[in-house]
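Student: Could you walk me through this structure, one question at a time?
Tutor: Gladly! Let us look at it together first.

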Amino acid sequence: MSDLNKLGLAEARDALRKGDVTSVELTESCLKAIDEADALNAFVHKTPEIALERAKAADQRIKGGDAPSICGLPIGIKDLFCTKGVPSQAASGILEGFKPEYESTVSQQLADAGAVMLGKLNMDEFAMGSSNETSVYGNAVSPWRRGNDDAQLTPGGSSGGSASAVAADLCLAATGTDTGGSIRQPAAFVGITGIKPTYGRCSRWGIVAFASSLDQAGPMTKDVRDAAIMLEAMCGHDHKDSTSAELAVPNFEAMLTGDIKGKKIGIPKEYRMDGMPTEIEKLWAEGAEMLKAAGAEIVDISLPHTKYALPAYYVIAPAEASSNLARYDGVRYGHRAQLAQGDGITEMYEKTRAEGFGHEVQRRVMVGTYVLSAGFYDAYYNRARRVRTLIKKDFEDVFAAGVDAILTPATPSAAFGLGEMTEADPVQMYLNDVFTVTVNLAGLPGISVPAGLDKQGLPLGLQLIGRPWEEGDLLNTAYALENAVGFVAKPGKWW
């Protein structure tokens, strides 16, 4: 078999079980693809020795007949996950040289299940961004191009390296994290599947924190079945994370029947934004028709507090970031600034943080510190928390009325060019999260499924939002949508 790196998780697993291919062969195919794809800047720390060692162990395990589904399958790990003895920088200069002495729970669970780590993937610094342009490693680049135009496009953010690597077949799947859309938006931009599970479904332990009440890990894969396989391996209760849910993890793949007869799918009127491209409006309507044709009932719903979601998110997330990022001060680990004679501890903090943090992280830390400061705490932070409660209640009311899932666009546009969103107006960039942040604020599961191409030949995604803890049901609805859409487009290789 050639082009083994182009397989999905399910196909590769079945080939491994039949003995048609070995994990070492799969891994070598991916490592070769990675070495040929430096132009994408997706993999920032390559770990071929670890990969081949794990692949050999996986082959032995598969021969023994006791291998979990993901055993022997080569994947990439976002640089936000701490990986023992491997640089884990969260794409920030302030963590330069940091090699943890421990493994994040999610990456450990994947390793325990036999998954093969190929290396660490590019991302926005501390997961703050929607375009992967804030990374200390430089921009991650999308494998997609607009028609015959050779302008470099964003793979989305913050999990841009993960998105680019999966879309370009450098790995079979990758981990991502989603604080305001950082799995779903990049997945939509590059034509892959990305699911953010319910808050608490995957442990956050060992994942570098951005906003602790919003962050959630999830898989980025080539299709819905692969998402189900990988999600099962990533989930589970962890006593080291106080927000981790003590719930059994179902066999998500077994729940993929494609039967959604009688399911009620809500279409929220508040997601019809002024200035939304007609292509996205049309795609959304077609998606609803496809689900209807598959036997679902389509109902109009209202989520009245949606318009306050983005401002509430951009108060809560920076506030939590300001608190979480206070630990990066040059004292215990990571970067420490060179000090002049006579400089004290205050100067060390100031210089270290000014040198180590990029502009976007500095901006969010300052916004967060401001909204938490005396005199503004009630005006901003407490008010945003109250709005968050109302947004959560909107969803609870809709689900209580019998709605099983909600269909929305994943992004307000297709991928844009790197450098096209200027730093002069960060709000333009923040608007990219308009369809995704509500899901994080309410702690719900959400999945992005590729659903079509725009007139320039770029992928567009649709988002499904599910009931809390019902990822299996959500994946099945997404599977029905995926089957109806029949999306098979791949980027032409230019790198």
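Student: Which exposed residues sit on the face of α3 turned away from its buried side?
Tutor: Some background first: this is a predicted model, where local features need pLDDT of at least 70, side-chain atom pairs count only at pLDDT 80 or more, and totals for chains, interfaces and linings use all residues. Residues are numbered from 1 along each chain as its sequence is written, and side-chain values use heavy atoms, with hydrogens and water left out. Helices (DSSP runs of H or I, at least four residues) and strands (runs of E, at least two) are numbered from the N terminus, while buried means under 20% relative accessible area, exposed over 50% and partly exposed in between, with a 1.4 Å probe and protein chains only. On the face of α3 away from its buried side, the exposed residues are E49, E53, K56, Q60 and G64.

Student: Where around the axis do the buried residues of α3 lie?
Tutor: The buried residues of α3 are A51, A55, A58, D59 and I62. They cover an arc of only 105 degrees (taken from the directions from the helix axis to the C-beta atoms), so they lie on the same side of α3.

Student: What covers the buried residues of α3?
Tutor: Here we look for contact, meaning heavy atoms within 4.5 Å. The cover over the buried residues of α3 includes α1 (9-18), α2 (23-35) and β3 (116-121).

Student: How far apart are the end C-alpha atoms of α3?
Tutor: The expected span of a helix is 1.5 Å times one less than its number of residues. Helix α3 has 17 residues (48-64), so it should span 24 Å, and the model agrees: its end C-alpha atoms are apart by 24 Å.

Student: What do the buried residues of α1 pack against?
Tutor: In α1, the buried residues are L9, A10, A12, R13, A15 and L16. Their packing partners are α2, α3, β2 (74-78), β4 (173-178), β6 (216-221) and α7.

Student: How are α7 and α15 oriented, roughly parallel or roughly antiparallel?
Tutor: Axes are lines fitted to C-alpha atoms, for helices over the stretch in contact, with angles from 0 to 180 degrees between N-to-C directions. The axes of α7 (224-234) and α15 (471-485) come within 9 Å and cross at roughly 160 degrees. Angles under 35 degrees count as roughly parallel, over 145 as roughly antiparallel, 65 to 115 as roughly perpendicular and the rest as oblique. Therefore α7 and α15 are roughly antiparallel.

Student: Which residue follows α3, and what is its phi?
Tutor: The residue after α3 is G65. Its phi is positive, near 80 degrees.

Student: Is N132 buried or exposed?
Tutor: Most residues other than glycine have a negative phi, and most peptide bonds are trans. N132, in the loop between β3 and α5 (160-167), has a positive phi near 60 degrees. Because its relative accessibility is 0%, N132 counts as buried.

Student: And W469, is it buried or partly exposed?
Tutor: W469 lies in the loop between β11 (459-466) and α15, and its phi is positive too, about 70 degrees. With 34% relative accessibility, W469 counts as partly exposed.

Student: Which residues does S162 touch?
Tutor: S162 is found in helix α5 and is buried, with a relative accessible area of 0%. Not counting residues up to four places away in sequence, S162 touches K78, L121, N122, A174, T175 and M220.
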